[in-house]
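Subject: Handing over a structure, with notes on helix packing and pockets

Dear colleague,

I am passing on the structure below, and I would be glad if you would read it alongside the notes that follow.

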Amino acid sequence: MTIDNNNILNSILESLSRIDYIHPEDIPNIELYMDQVTTFMDEQLSSTKRYPEDKILTKTMINNYAKNNLLPPPVKKKYSKEHVLFLIFIYYFKNILSIKDIESLLKPMAELYFEQGGYKESELDLTEIYKEICGMCKGQISSLQESISDAWERAEKNFPNVSKEEKERLQQFSFICNLSFDVYVKKLLIEKLIDQMQAKEDTNK
């Protein structure tokens, strides 16, 4: 592909290297009102916005999450650190999973690990669980960079017998299709795992 397209790849790889997560120590240990929660999330996750006007979380979103059992209800209109951790998980899940699937994932987590309101059934701390999962995910960045570079190189080998302009367009389209297929397959796997988890929960009940 052209130098411009290679610059695009380099930009993608550099942006991956800058990916980070909200560190638990940055989350306030005091209970927050709704406006404070939305402000905190917007400040911490602003780099994930596609467009400046995009909203990270709104009051309506948070109320709907509680209504649909994705998020334990606030206590006296205040949200704990655990609520914020749940909202971070929801923020990332909602880009690929349905509300029902997110509920299937998070409801058992709330029953086992959500301390506020008497939910907690385990000695494990939700903050430590979050920290370990985020560390695991961040550790995948270098392998993701390699995978994306490989997909780019494979796309470069496609359509060698067309004009330069058409070749560049088709190669970039091939690259996007390759990435999309990867997301599609992983989404199918996630949904299958959630279905199995839900079936097991139903059997136990």
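The axes themselves are lines fitted to C-alpha atoms, for helices over the stretch in contact, and the angles run from 0 to 180 degrees between N-to-C directions.

Please keep in mind that this is a predicted model, in which local features need pLDDT of at least 70 and side-chain atom pairs count only at pLDDT 80 or more, while totals for chains, interfaces and linings use all residues. Residues are numbered from 1 along each chain as its sequence is written, and side-chain values use heavy atoms, with hydrogens and water left out.

The chain contains 8 helices and 0 strands, where helices (H or I, at least four residues) and strands (E, at least two) are DSSP runs numbered from the N terminus. Its C-alpha trace spans about 65 × 40 × 30 Å along the principal axes.

The contact, meaning heavy atoms within 4.5 Å, involves E82, F86, F89, I90 and F93 of α4 together with I102, L105, L106, M109, A110 and Y113 of α5. These residues divide into 10 nonpolar, no polar and 1 charged, where Ala, Val, Leu, Ile, Met, Phe, Trp, Tyr, Cys and Pro count as nonpolar, Asp, Glu, Lys and Arg as charged, and the others, Gly among them, as polar.

With α6, the angle of α4 is about 30 degrees and the axes are 10 Å apart, and the two helices are therefore roughly parallel to each other. Here K81, E82, L85, F86, I88 and F89 in α4 meet L126, T127, Y130 and I133 in α6, a contact with 7 nonpolar, 1 polar and 2 charged residues.

The axes of α2 (residues 34–44) and α4 come within 11 Å and cross at roughly 50 degrees, which means that α2 is oblique to α4. In this contact V37, F40 and M41 of α2 meet V84, L87 and I88 of α4, and the residues comprise 6 nonpolar, no polar and no charged.

Pockets

On a 1 Å grid over the protein atoms alone, a cavity is a set of points where a 1.4 Å probe fits but cannot get out, whereas a pocket is an open set with protein on both sides within 12 Å along at least five of seven lines, and lining residues have an atom within 4 Å of a point. Grid points are joined across faces, edges and corners, and a volume is the space filled by probe spheres set on the points.

The largest pocket holds about 2,200 Å³ of space and is lined by 42 residues, of which I19, Y92, I96, C137 and L144 lie nearest its centre. Two or more lining residues come from each of α1 (3–17), α4, α6 (126–138), α7 (141–156) and α8 (164–204), and α8 gives the largest share, 10 residues. By class, this lining has 27 nonpolar, 8 polar and 7 charged residues.

The second largest pocket holds about 220 Å³, and its lining consists of F89, F93, L105, L106, P108, M109, I133, M197, K200, E201 and N204.

With best wishes

Methods. Parallel < 35°, antiparallel > 145°, perpendicular 65-115°, else oblique.
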